[in-house]
Amino acid sequence: MSSVRGLSGKGAQKREQLLDTAEELLVTTGSGELSMRAVAAAAGVRLGHLQHYFPTHAELVAAVLERVLARSVERLAPLLDPGRDEDALLRELLAEQQDARLVRLFAELWALAARDPSVAAAVRAFYDRYQELVACFLAERRPALTEEERRSRARVFVMLIEGASLFRSGLAGTADAAADAELLRTAGALLGP
């Protein structure tokens, strides 16, 4: 049995397929078009079938969000291992911003968060976790910093990297070598010795 609502392997697989469809719609058509009927139609199932797995739109969105954010934390955790070289870490984080699908997905999640308090709470929890990972990285690399300094630097680092995704991805601008060099220098100063 699966841990997700006691679903069998086949049920858990179908649930994942429905989440894949919802995520794809979120990226390709945007958060405003992510209705239960649209997801059911795109998945080739009846609305009642979709509602068996996700009784409400809010539950569907929460499941998509939970899965996306869990993948992001899983991806970020090894990047923020204290033993990593900070330049390599920064370059990998910036390289992720070249993934247009990932950037669009987060832009749509931010849009949903602006309208839905439960989505906003989940997004805040994700960014709290991201900041915690950065603060742990700093604790190992810069033990002389106070906890408050580590948390502040972690927060500014996350703001800088996440904001850069808008300007480097084509949404609000494009990557350019001079700006990237300054971004690396500024972000590195927040992390470095």
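Colleague: A search of the whole structure finds 12 salt bridges. What makes a pair a salt bridge?

Modeller: The term requires a side-chain nitrogen of Lys or Arg within 4 Å of a carboxyl oxygen of Asp or Glu. This is a predicted model, in which local features need pLDDT of at least 70 and side-chain atom pairs count only at pLDDT 80 or more, while totals for chains, interfaces and linings use all residues. Residues are numbered from 1 along each chain as its sequence is written, and side-chain values use heavy atoms, leaving out hydrogens and water.

Colleague: Why is the pair of Arg 67 and Glu 16 called a salt bridge?

Modeller: The closest N and O atoms of Arg 67 and Glu 16 are 2.7 Å apart, and the cut-off is 4 Å, so the pair qualifies. Arg 67 lies in helix H4 (residues 57–79) and Glu 16 in helix H1 (residues 9–29), so parts 51 residues apart in sequence are tied together. A helix here is a DSSP run of H or I with at least four residues, numbered from the N terminus.

Colleague: Why is Arg 67 called buried, and what is Glu 16 called?

Modeller: Buried means under 20% relative accessible area, exposed over 50%, and partly exposed in between (1.4 Å probe, protein chains only). Arg 67 has 14% and is therefore buried; Glu 16, at 32%, is partly exposed.

Colleague: What makes Glu 23 and Arg 101 a salt bridge?

Modeller: Their closest N and O atoms are 3.6 Å apart, so this pair also meets the criterion. Glu 23 is in helix H1 and Arg 101 in helix H6 (residues 100–115), 78 residues apart in sequence.

Terms used. Helices (H or I, at least four residues) and strands (E, at least two) are DSSP runs, numbered from the N terminus.
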